[in-house]
Amino acid sequence: MTKVYKNGDDTCNSKLEFMKKYYANAYSGSFASTNGVMVTCEQFADLIGYQGDPCYEMDINKIYKYTSKYDLYNPIKGQPSFTFWHN
C-alpha cells in the first residue's frame, strides 16, 4: 500500500505499477493476482480489518507491506499491520 498526495494520480499510478511488478519481492512465493486501485485510508483499513486510520502512521509516496486477516494465502490472526518496504 502507499499513501499519495491528494490529486496525485500520476504518482499513484506509477506506485501501483511498481507494486504489481515487484509484488513477489515483498511477499516471497506470492504474486499479484489483482490490479491495485486507489481508495481512501479508511476504506483500506476496512478491507484489511485494521482498527483505526493507517494514514496517520504513513509517509507520503512510500510503499508499505501489510498483513491482513483476509489474505487469500497467508491470513493472520489478530490485528493487521504494515511496515515500510520501498520508496
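The sulfur of C12 lies 11 Å from the closest cysteine sulfur, that of C41, which is too far for a bond. A disulfide is counted when two cysteine sulfur atoms lie within 2.5 Å, and by this rule the count comes to one. That disulfide joins C41 to C55, with an S to S distance of 1.2 Å. Because C41 belongs to helix α3 (residues 41–48) and C55 to the loop between α3 and β1, the pair ties together parts that are 14 residues apart in sequence. Helices (H or I, at least four residues) and strands (E, at least two) are DSSP runs, numbered from the N terminus. C12 is buried at 5% relative accessibility, and C55 is buried at 12%; buried means under 20% relative accessible area, exposed over 50%, and partly exposed in between, with a 1.4 Å probe and protein chains only.

The model is predicted: local features need pLDDT of at least 70, side-chain atom pairs count only at pLDDT 80 or more, and totals for chains, interfaces and linings use all residues. Residues are numbered from 1 along each chain as its sequence is written, and side-chain values use heavy atoms, with hydrogens and water left out. The mean pLDDT, the predictor's confidence in each residue from 0 to 100, is 84 for the protein, and 97% of its residues reach 70 or more. Confidence is lowest in helix α2 (residues 23–26), at a mean of 83, and highest in β2, at 90.

Rings of Phe, Tyr and Trp (its six-membered ring) pair if their centres lie within 6.5 Å; planes under 30 degrees apart count as stacked, over 60 as edge-to-face and the rest as tilted. A search of the whole structure finds seven aromatic pairs. Y64 and F82 are both buried, whereas F84 is partly exposed at 47% relative accessibility. Ring pairs link Y50, Y64, F82 and F84 into a cluster.

The loop between β1 (63–66) and β2 (82–86) contains S68, which is buried with a relative accessible area of 6%. Leaving aside its neighbours within four places in sequence, S68 is in contact (heavy atoms within 4.5 Å) with residues including L47, I48 and P80.
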